[in-house]
Amino acid sequence: MDQRETWKTRAGFFLAAVGSAVGLGNIWRFPYMVSEHGGAAFVLIYVGMMLLVGIPVMVAELHIGRSTRKSPVAALVAKGGPSLGLLGGLFVLTGFVILAYYSVIAGWCLRYLLDSFSGASLHESGAYFERIATGKDALLFHAVFMGMTIAVVACGVTAGIERCVKLMIPLLFLLLGGMGVWALFLPGAAGGYAYYLKPSMEELLSLDTLSAAAGHTFFSLSLGMGVMITYASYLEQKESLLKDAAVISFADFGVAFFAGLVVFPIVFALGIQDKVGESTVGTLFIAIPEAFAKVGGAGKLLSFAFFLLLVMAALTSAISILEVVAAALMDSLGLKRIAATLLAGLAITLLGVASAFSLDVLSVSDAVAGTVLLIVGGLMISVLVGWFDQTVRDELSAEGKGVTLFLLISLRVVAPLLLFLVLSDAGPKAVEAVLGLLR
Ligand code: TRP
């Protein structure tokens, strides 16, 4: 592929990578994980995971992409021979499954966004959620969201993805900032902050929390399925990959952390923290609109802003996943971009039908593809780059000795051991969940 596309500007690459990382994972999944896994303990472990494992694996993925300038399947074959094509295939499969349910959730957001105008989503939000979360309505909005995603990716790296993120990411930061200021003045804010920021020691030490945090690190940073490989394959410049990885990761964590500062005061202002304690995928979709309904006239506006934020965050993430699958089809089947994008997009839309009709399928897909398969992918990447890729040393040599040593130790020892430990917990659980679904 000699006329491979490249980012028009470096900022374009950054915004695209941050756009991929910042998504439903930050605003919906992070607070939901925090409330399921002991509040602040989860936040702390998450940060540890991000520093010890997330950033090194991101450097490894960026390195694979930039040094081969190929999409994941071809890049891995170039690095380690044909058998690694299987790992690339696993990436594509993972992306396939993740986007299929991700888009259903994004469809809910789109639905909430439109219903903000009439205020329909603000009344009896529990019943409203039940009505729209599954069935024909869910399917319709899932399909619309996939259509938007396909449209962006079909336009290409610069004309589609880069243009979309340059518009949406700044707007997203602005909206989130505004919501944070609003939440600060809610009556229950202090209780919310306390729950969010004071860790409980028991949770801090459990393997369950550790594996949830590891899975979420990969999900939130878009690691373990080749997004960063693909995006870096459109890079030309030779600048520090570590700096890139650090900036992307901290921007992502910043947004998740800030989203928590919005969500927890809301939850506590409403006094529904117990409900959130045993939270399910839908809890935030019920709690947040309930809070908006209470503020009266401004509620519609707040609802509009919040769900616009979610839709934009979801879109800039969804395009990165579709790009992986489409790029793989382009590189390996020689399809044109439009054909590859349509083919991949339609197949994913079809697979999403299952999640649009069953919340159980949706949660199990998240546990399997959105957690376990990403960890498997991350484990393989760290071993591959840490132990078998000689070029990574040259790449890192500009970073200084200490940093290089840290990255190599992480990729060779820390990340594989931690991820292996986590898989021993999360793997069997995921298998059980799938079996439960089939029963
Ligand atoms: N990181 C995104 C989020 O937090 C989701 C996402 C985009 C993703 N690309 C990915 C998750 C690749 C896993 C793998 O919402």
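**I229 has its place in helix 12 (residues 227–232).** The model shown is predicted, with local features requiring pLDDT of at least 70 and side-chain atom pairs counted only at pLDDT 80 or more, whereas totals for chains, interfaces and linings use all residues. Residues are numbered from 1 along each chain as its sequence is written, and side-chain values use heavy atoms, with hydrogens and water left out. Helices here are DSSP runs of H or I with at least four residues, numbered from the N terminus. I229 counts as buried, because its relative accessible area is 0% and the term buried applies under 20%, exposed over 50% and partly exposed in between, with a 1.4 Å probe and protein chains only. Although I229 and E61 are separated by 168 residues in sequence, their C-alpha atoms are 5.0 Å apart in space.

**The ligand is surrounded by 17 residues.** A residue belongs to these surroundings if one of its heavy atoms lies within 4 Å of the molecule, and the closest are A21, G25, Y102, F219 and S222. This shell is made up of nine nonpolar and eight polar residues, with no charged ones; in this division Ala, Val, Leu, Ile, Met, Phe, Trp, Tyr, Cys and Pro are nonpolar, Asp, Glu, Lys and Arg are charged, and the others, Gly among them, are polar. At least two residues of the shell come from each of helix 1 (10–21), helix 2 (24–36), helix 5 (85–118), helix 11 (207–220) and helix 16 (298–333). The space that the ligand takes is the largest cavity, where a cavity is a set of points, on a 1 Å grid over the protein atoms alone, at which a 1.4 Å probe fits but cannot get out. A molecule is taken to sit in such a space if more than half of its atoms lie within 2 Å of its grid points.

**T217 in helix 11 and L223 in the loop between helix 11 and helix 12 are shown together.** T217 is buried, at a relative accessibility of 1%, and a polar atom of its side chain lies 2.7 Å from the backbone oxygen of A213. L223 is also buried, at 0% relative accessibility. The C-alpha atom of L223 is separated by 10.0 Å from that of S20, a residue 203 positions away along the chain.

**S410 lies in helix 20 (residues 401–438).** The residue is buried, with a relative accessible area of 2%, and the side chain of S410 reaches the backbone oxygen of L52 at 2.6 Å.

**M146 has its place in helix 7 (residues 136–154).** With a relative accessible area of 0%, M146 is buried, and its C-alpha atom is 9.3 Å from that of I319, 173 residues away along the chain.

**R69 and E124 both have a positive phi.** Most residues other than glycine have a negative phi. For R69, phi is near 55 degrees, and the residue lies in the loop between helix 3 (40–68) and helix 4 (72–80), where R69 is partly exposed at 31% relative accessibility. For E124, phi is near 45 degrees; this residue is found in the loop between helix 5 and helix 6 (125–133) and is exposed, with a relative accessible area of 64%.

**K294 has its place in helix 15 (residues 283–294).** K294 is exposed, with a relative accessible area of 63%. Between the C-alpha atoms of K294 and H123 there are 9.8 Å, although the two residues are 171 residues apart along the chain.

How values were computed. 1 Å grid on protein atoms, 1.4 Å probe; cavity = no way out; pocket = protein on both sides within 12 Å on 5 of 7 lines; lining within 4 Å. Polar contact = N/O pair within 3.5 Å; in protein donor to acceptor, adjacent residues only side chain to side chain.
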